[in-house]
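The following exercises are to be worked with the sequence and the structure at hand.

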Amino acid sequence: MLSPSSVPRLVVAAPSSGSGKTTVATGLMAAFAERGLAVSPHKVGPDYIDPGYHALATGRPGRNLDAYLCGPELIAPLFLHGARGCDLAVVEGVMGLYDGAAGEGELASTAQVAKALRAPVVLVVDASSQSRSVAALVHGFASWDPQVRIGGVILNKVASDRHEELLRDALDASGVPVLGVLRRVAQVDTPSRHLGLIPVAERRAEAVDAVAAMAAQVRRGCDLDALWALARSAGALPDEPWEPPAYDTGARAVVAVAGGPAFTFSYAEHTEVLTAAGAEVVVFDPLRDERLPEGTAGLVIGGGFPEVYAAELSANEPLRKAVAELALVGAPVAAECAGLLYLCRELDGQPMCGVLDASARMSERLTLGYRDAVAVSDSVLAAAGTRMRGHEFHRTVVEPAAGAAPAWGVRAPERRLEGFVQLGVHASYLHTHWAAAPGAARRFVERCRTS
């Protein structure tokens with residue numbers, strides 16, 4: 001079995017969003033998995049949805065690599081943790097290759113991750129409106145940062161044989177080989193809505209078909225042998241795999257974690273950190289389960305799309321009451337974004353759990369971006385003054401935005417108070433990555449034992 005430090009790996013990047021990274025990366029994962037390889041799937045940045053498609057393609061958890069949320073020093077260790085026991089790792093980039101956190105240089109960019117992983121980059125280029133200019137584009141990306149190795153190009157949305165010939169002729173002098181040519185195929189498109197692609201959990205059968213179509217297109221259009229050889233050229237990493245800190249905590253506390261179609265946003269490491277901290281993690285579906293798991297001592301409600309399922313969530317009155325009763329007795333409850341909405345009095349006029357004296361509604365304005373935050377109030381997750389980095393991504397508004405004891409003071413772009421701390425509840429729009437702050441999970445589980 002390969003050591004994770006030497007696992008063959010590729011980073012799939014592009015000049016900009018919309019070039020076809022998800023199609024190529026997911027298709028490569030599925031195509032190599034079909035060859036019998038154990039493929040480790042990864043996604044640069046805070047995205048929750050693409051990893052669901054990656055998991056479907058590979059049969060392994062999709063994992064995120066986010067240098068802003070976790071720090072650059074954790075990128076390689078988290079990668080090695082996910083790649084254990086695998087024959088190949090495929091990393092899908094975010095935005096354009098060199099795009100990162102606003103005003104932070106290369107921080108959180110695909111280029112930074114590729115360098116941290118010593119991995120060759122496959123550049124996916126939307127060639128639909130160019131011919132000879134593609135060579136200048138590829139040359140610019142390949143020469144911008146000498147530490148980023150562009151190992152090949154996959155041309156996407158190629159119109160015809162003649163178009164392909166013109167593109168290949170132009171790229172002959174670039175020194176960057178063409179490793180694939182993909183034509184536009186409508187069935188590969190995956191439906192979107194207000195926050196991007198529709199998650200796998202909401203369209204399982206269609207998602208399976210979409211992944212199969214991506215794999216078929218990649219098999220037809222890409223040189224898998226050349227891509228495999230490129231992946232094997234990646235150098236060994238000196239880092240050790242990340243391990244969730246384990247604590248000798250005695251009896252395990254049952255922590256219920258919301259799942260199902262309405263609550264699909266969660267990092268794989270969260271349950272691993274909770275388990276290492278002494279939790280028995282039990283997943284439940286607020287759309288269908290009328291009771292919390294037996295013995296629930298704490299509750300984690302992550303992100304997702306409760307606004308899409310507001311009527312169904314509201315109709316499950318027994319569970320709403322159970323959540324409210326748990327919060328009322330002071331049990332630890334950690335709610336992020338969708339979880340925040342679920343704890344409000346109402347969401348778009350539909351009754352929710354009523355734990356928070358606040359109402360939520362859909363908005364036309366997209367709130368998106370990384371956030372630097374400091375804990376304002378002592379809570380089940382953090383002591384006041386604790387600094388943490390997070391990410392916001394929503395088209396909803398909660399009024400008021402903060403309670404009498406706010407969760408966070410946020411900077412980006414304006415300074416503001418945000419979220420709610422009351423009894424054992426910590427509710428906020430901020431998505432955080434607990435691999436970077438395992439103390440939050442330890443504090444949460446300890447409170448589960450003593451509340």
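**Exercise 1. Aromatic cluster and ring pairs**

Task: In this predicted model, state which residues form one aromatic cluster together with Tyr48, and classify the ring pair of Tyr48 and Tyr267.

Solution. 

Step 1. The cluster consists of Tyr48, Phe265, Tyr267 and Phe305.

Step 2. Two rings pair if their centres lie within 6.5 Å, and planes under 30 degrees apart count as stacked. By this rule the model has eight aromatic pairs. For Tyr48 and Tyr267 the centres are 4.6 Å apart and the planes stand at 25°, so this pair is stacked.

Step 3. Tyr48 belongs to the loop between strand S2 (39-44) and helix H2 (49-58), and Tyr267 to the loop between strand S10 (253-258) and helix H10 (268-276); the pair therefore ties together parts that are 219 residues apart in sequence. Both Tyr48 and Tyr267 are buried.

Task: Classify the ring pair of Phe263 and Tyr342 and locate both residues.

Solution. 

Step 1. The ring centres of Phe263 and Tyr342 are 5.7 Å apart and the planes are at 65°; because planes over 60 degrees apart count as edge-to-face, the pair falls in that class.

Step 2. Phe263 is in the loop between S10 and H10, whereas Tyr342 is in helix H13 (residues 338-343), so the pair ties together parts that are 79 residues apart in sequence.

Step 3. Buried means under 20% relative accessible area. Phe263, at 4%, is therefore buried, and Tyr342, at 1%, is buried as well.

**Exercise 2. A charge over a ring**

Task: Over the ring of which residue does the charged end of Arg389 sit?

Solution. The ring is that of Tyr68, and the charged end of Arg389 is 4.0 Å from its centre.

**Exercise 3. The largest cavity**

Task: Describe the volume of the largest cavity and the residues of its lining.

Solution. 

Step 1. Two cavities of 30 Å³ or more are present in the structure. The largest cavity holds about 250 Å³ of space.

Step 2. Its lining comprises 24 residues, and those nearest the centre are His270, Val300, Gly302, Glu336 and Trp434.

Step 3. At least two lining residues come from each of S10, H10, strand S12 (296-301), strand S13 (333-336) and strand S21 (425-428).

Step 4. By class, the lining of the largest cavity has 15 nonpolar residues, eight polar residues and one charged residue.

**Exercise 4. Overall dimensions**

Task: Compare the radius of gyration of the protein with that of a compact globule of 451 residues.

Solution. 

Step 1. A compact globule with 451 residues would have a radius of gyration near 22 Å; the protein has 22 Å, so the two agree.

Step 2. Taken along the principal axes, the C-alpha atoms fill a box of roughly 70 × 45 × 40 Å.

Step 3. The protein contains 14 helices and 21 strands, and 59% of its 451 residues count as buried.

**Exercise 5. Burial in a strand and in a helix**

Task: State whether Pro41 is buried or exposed, and how many residues of helix H4 are buried.

Solution. 

Step 1. Pro41 is found in strand S2. Its relative accessible area is 1%, so Pro41 is buried.

Step 2. Helix H4 (residues 75-83) is mostly covered, with nine of its nine residues buried. Among them are Leu78, Phe79 and His81. Gly85, which follows H4, has a positive phi near 75°.

**Exercise 6. Backbone geometry**

Task: Which residue is joined to Pro400 by a cis peptide bond, and where do Lys157 and Cys337 lie?

Solution. 

Step 1. The cis peptide bond joins Glu399 and Pro400, with omega about -5°. Pro400 is placed in the loop between strand S17 (387-399) and strand S18 (408-411).

Step 2. Lys157 is not a glycine, yet its phi is positive, at about 60°. Lys157 lies in strand S6 (residues 150-158). With a relative accessible area of 22%, Lys157 is partly exposed.

Step 3. Cys337, also a residue other than glycine, has a positive phi near 55°. Cys337 lies in the loop between S13 and H13. Its relative accessible area is 6%, so Cys337 is buried.

How values were computed
Residues are numbered from 1 along each chain as its sequence is written. This is a predicted model: local features need pLDDT of at least 70, side-chain atom pairs count only at pLDDT 80 or more; totals for chains, interfaces and linings use all residues. Side-chain values use heavy atoms; hydrogens and water are left out. Rings of Phe, Tyr and Trp (its six-membered ring) pair if their centres lie within 6.5 Å; planes under 30 degrees apart count as stacked, over 60 as edge-to-face and the rest as tilted. Helices (H or I, at least four residues) and strands (E, at least two) are DSSP runs, numbered from the N terminus. Buried means under 20% relative accessible area, exposed over 50%, partly exposed in between (1.4 Å probe, protein chains only). A charge sits over a ring if NZ of Lys or CZ of Arg is within 6 Å of the ring centre and within 35 degrees of the ring normal. On a 1 Å grid over the protein atoms alone, a cavity is a set of points where a 1.4 Å probe fits but cannot get out, and a pocket is an open set with protein on both sides within 12 Å along at least five of seven lines; lining residues have an atom within 4 Å of a point. Grid points are joined across faces, edges and corners, and a volume is the space filled by probe spheres set on the points. Ala, Val, Leu, Ile, Met, Phe, Trp, Tyr, Cys and Pro count as nonpolar, Asp, Glu, Lys and Arg as charged, and the others, Gly among them, as polar. The radius of gyration is taken over C-alpha atoms; the globule rule is 2.2 Å times the number of residues to the power 0.38.
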